[in-house]
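Okay, thanks for coming, everyone.

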Amino acid sequence: MGKLRVGLIGAGQIVETAHLPAYLKHEAEVEVTAICDINAGRAAQVAAQYGIPESFGSHREMLEQCRLDAVSVCVTNKFHAPVSIDALNAGCHVLCEKPPAMNYEEALAVYEAAVKNNRLLAFNFHFRHSEEVKALKEQINKGAFGEIYAARVQALRRRGIPGWGSFTDKAVQGGGPLIDIGVHMLDTALYLMDFPEPDYVLAATHQRIGNRPGVGLMGSWDPDKFTVEDSAFGFIRFKNGASINLETSFALNMKEASIMNVHLFGEKAGASVFPLQVFSENGLTLTDTDFPHLQQVDKHYESIADFIRSCIGSKHPVYKAGHSLIIQKIIDAMYKSSETGLPVKC
Ligand SMILES: NC(=O)c1ccc[n+]([C@@H]2O[C@H](COP(=O)([O-])OP(=O)(O)OC[C@H]3O[C@@H](n4cnc5c(N)ncnc54)[C@H](O)[C@@H]3O)[C@@H](O)[C@H]2O)c1
């Protein structure tokens, strides 16, 4: 087999800082063939800067003209599903940025396109590729935790409303911190819990801080155009009896500037994932274990490397078909429960 011919869809920040560098480091296996962006000038500029042979102003043109094997979908959330479906129908394996889509219906359509075309579909949930999660997953698989029956998921910022991009615009983003950063920690917890089937969700979202002028630690935003939630809190109950408490915010009156963490509670042991600590008991003693020698890896690089190796068939992907459906089902149910004030069946 020749080199994997990869195309990049979107020429923004995440392509330049994560996808492109990772593909370029795999030059023995990968040829970055083309890049496109609705801003054709931007695509041409990135192509020139990194020596990418072709650039386009439309992903359809790129897919038609370039005989690609795989693409990274790195566009605004609103276009994740339609662009991924076009790429899958053109015979490409797809690595899409998170979140999988704007809602469950869209995520299902993408999943069905992957199945129909027998192509790989993965998402850049890069926290799965951290050393903490890898070490923990190994211990969990060996049975060291027993059944994990509860988790706490936190993706919290005190004043972290993004001052760039479209993060505060519900129409193109699908929501606020829940779909943007909460989704990362939710995925991490679900992955470590082996993706149990959700049963129902009770949640509340709020818009209390972002809709008025205030302190911004991640740039400034327009409060009059702030159409997403600034915090979300939820309780997710799974069919196997397990539960997750989820807290996420762009802005919340709390002590820390930021918390991104998952706490797991199992029958034999519990854990705090970032940084990794394991809490257990040994005979008559309670034990707390730190992992001071874990390497800090480039999680985006590891995630994209996993996709490349999966495309060329040298390993099974970490991502499994259908994970995106469970994630999106939970997010939809959280937004719906907040609207109705009632628990929502998943
Ligand atoms: N995994 C992570 O931690 C992480 C981090 C940052 C961003 N992201 C995700 O990556 C995606 C892009 O974010 P970004 O920060 O690079 O944004 P960005 O605004 O810097 O770049 C997005 C680019 O996509 C282009 N675009 C939009 N619609 C398009 C379409 N239909 N066809 C072609 N190009 C299109 C825009 O013109 C823009 O250049 C978002 O979904 C975001 O959630 C993920």
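**The ligand and its pocket**

So, the ligand here takes up the space of the largest pocket. A pocket, on a 1 Å grid over the protein atoms alone, is an open set of points where a 1.4 Å probe fits, with protein on both sides within 12 Å along at least five of seven lines; a molecule sits in one if more than half of its atoms lie within 2 Å of its grid points.

Quick caveats: this is a predicted model, where local features need pLDDT of at least 70 and side-chain atom pairs 80 or more, while totals for chains, interfaces and linings use all residues. Numbering runs from 1 along each chain as its sequence is written, and side-chain values use heavy atoms, with hydrogens and water left out.

Who surrounds the ligand? There are 18 residues (a heavy atom within 4 Å), and Gln13, Ile14, Asp37, Asn77 and His80 are the closest. Sorted by class, that shell has five nonpolar, 10 polar, with Gly counted there, and three charged residues.

Now the polar contacts, meaning pairs of N or O atoms within 3.5 Å. Asp37 puts a polar side-chain atom 2.6 Å from a ligand oxygen. Ile14 uses a backbone N or O atom, 2.9 Å from an oxygen of the ligand, and a backbone N or O of Lys98 lies 3.1 Å from a ligand oxygen. Alone, the ligand exposes 850 Å², and the protein buries 82% of that (Shrake-Rupley, 1.4 Å probe).

Zooming out, an automatic or database assignment gives domain 1 (4–123) and domain 2 (128–298 + 326–345). Their C-alpha centres lie 27 Å apart, and 11 residues of domain 1 are in contact with 13 of domain 2, with heavy atoms within 4.5 Å.

Notes
Polar contact = N/O pair within 3.5 Å; in protein donor to acceptor, adjacent residues only side chain to side chain. 1 Å grid on protein atoms, 1.4 Å probe; cavity = no way out; pocket = protein on both sides within 12 Å on 5 of 7 lines; lining within 4 Å.
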